[in-house]
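Welcome! Take a look at the view below, then read on.

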Amino acid sequence: MRSNRKARKISDVLLFLFLFAVGIIMLYPFLWMISVSLERTANVSIPFPPRLIPEEFSWFNYKLVFENGALLTAYGNSLVIALFSVLLSVSSALLGGYAFSRGSFKGKRLLFFAVLATMMIPFEARLIPMFTMFNELDMINTKYPLIFPSVINAMGIVLAKQYFDNLPEGLRESAKIDGAGEFKIFFHIFAPLTGPITATLGILSFQDSWNSFLWPLVVINDQHLKTVPLFLSSFSTENGGRLAGVTMATAGMSILPILLVFLFFQKYIIRSIALSGLKGE
């Protein structure tokens with residue numbers, strides 16, 4: 001017994017040290033980004049070898065970022081786009097997931113396979129048709145092309161369907177006996193129970209919208225409509241070099257919303273995974 005306990009303690013210590021080392025490796029780029037953003041001379045030359053403690057600590061790079069208000073404008077653009085994208089994405093995913101989980105209609109299985117198939121098409125293959133469509137609708141250089149594509153959220157529909165599959169069917173049957181229709185059943189019975197999956201879908205949609213770069217780069221040319229990723233890519237010198245200090249300061253500010261949203265809603269993500277059939281069982 002003692003030998004087993006001793007072996008278990010040793011394995012626990014080794015596992016802890018291994019996970020601690022992995023954690024440090026994963027955190028190092030983030031910590032280095034913060035260090036460079038606080039290095040006053042980083043715009044002239046990137047500190048090498050990389051160090052975690054700035055040689056000349058200064059908020060100079062952050063002052064440059066906020067100097068003309070362009071970052072706040074980009075923040076506002078990204079926030080508006082992300083919020084509307086989350087609203088459309090989560091709403092369509094929940095409605096679609098409920099329909100595929102509880103609905104009974106012709107071609108349901110085939111249509112669900114079609115939804116799954118869309119997940120296999122890379123975005124680059126859809127970029128030109130999407131650009132052509134929005135160009136014909138005269139929506140290029142507006143926020144609409146960055147919001148409307150979020151209506152189709154195949155991954156969200158699949159996750160929502162799995163979540164609804166694990167809710168008791170008796171709730172629906174009882175409501176139908178009382179004469180409730182499908183919309184009433186969804187909004188009054190099932191919707192109040194979707195907190196965990198709604199939070200999960202919201203975080204994923206918010207992250208996808210906030211971090212999007214290629215599609216906004218294609219459809220946005222107006223400086224006043226730039227999102228945070230586009231604003232982040234705009235720092236360069238006359239010879240094409242990067243302003244490392246300002247770039248890192250902007251990058252640090254750009255991840256704050258996603259970090260705060262994730263930390264606030266992470267308990268809902270864990271709960272939704274436990275209830276959506278994604279536990280690997």
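What volume does the largest pocket have? In this predicted model, the largest pocket has a volume of about 1000 Å³.

**The largest pocket**
- A total of 35 residues line the largest pocket, and those nearest its centre are Arg-126, Pro-149, Ser-150, Ile-152 and Asp-208.
- By type, the lining residues comprise 22 nonpolar, eleven polar and two charged.
- Several helices supply at least two lining residues each, among them H3 (70-102), H5 (123-136) and H7 (154-165).
- The helix that gives the most to this lining is H10, with six residues; H10 spans 195-211.

**A nonpolar patch on the surface**
- Ile-10, Val-13, Leu-14, Phe-16, Leu-17, Phe-20 and Ile-24 make up a nonpolar surface patch, and together they have about 710 Å² of accessible area.
- One of these patch residues, Leu-17, sits in helix H1, which covers residues 2-37.
- Leu-17 counts as partly exposed because its relative accessibility is 47%, which falls between the 20% and 50% cut-offs.

**Two residues in the loop between H5 and H6**
- Asp-138 is in this loop and, although not a glycine, has a positive phi of about 60°.
- With a relative accessible area of 66%, Asp-138 is exposed.
- Asn-141 is also found in the loop between H5 and H6, and this non-glycine residue has a positive phi of about 70°.
- Asn-141 is partly exposed, at a relative accessible area of 27%.

How values were computed:
Residues numbered from 1 in each chain as written. Predicted model: local features only at pLDDT ≥ 70, side-chain atom pairs only at ≥ 80, totals over all residues. Heavy atoms only, no water. 1 Å grid on protein atoms, 1.4 Å probe; cavity = no way out; pocket = protein on both sides within 12 Å on 5 of 7 lines; lining within 4 Å. Points joined across faces, edges and corners; volume = space filled by probe spheres on them. Helix = DSSP H or I, 4+ residues; strand = E, 2+ residues; numbered from the N terminus. Nonpolar A, V, L, I, M, F, W, Y, C, P; charged D, E, K, R; others polar. Patch = residues over 30% accessible without salt bridge, like charges linked within 9 Å, V, L, I, M, F, W, Y side chains within 5 Å. Areas by Shrake-Rupley, 256 points an atom, 1.4 Å probe, with all protein chains shown as cover. Salt bridge = Lys/Arg side-chain N within 4 Å of Asp/Glu carboxyl O. Buried < 20%, exposed > 50% of the residue type's maximum accessible area, 1.4 Å probe, protein only.
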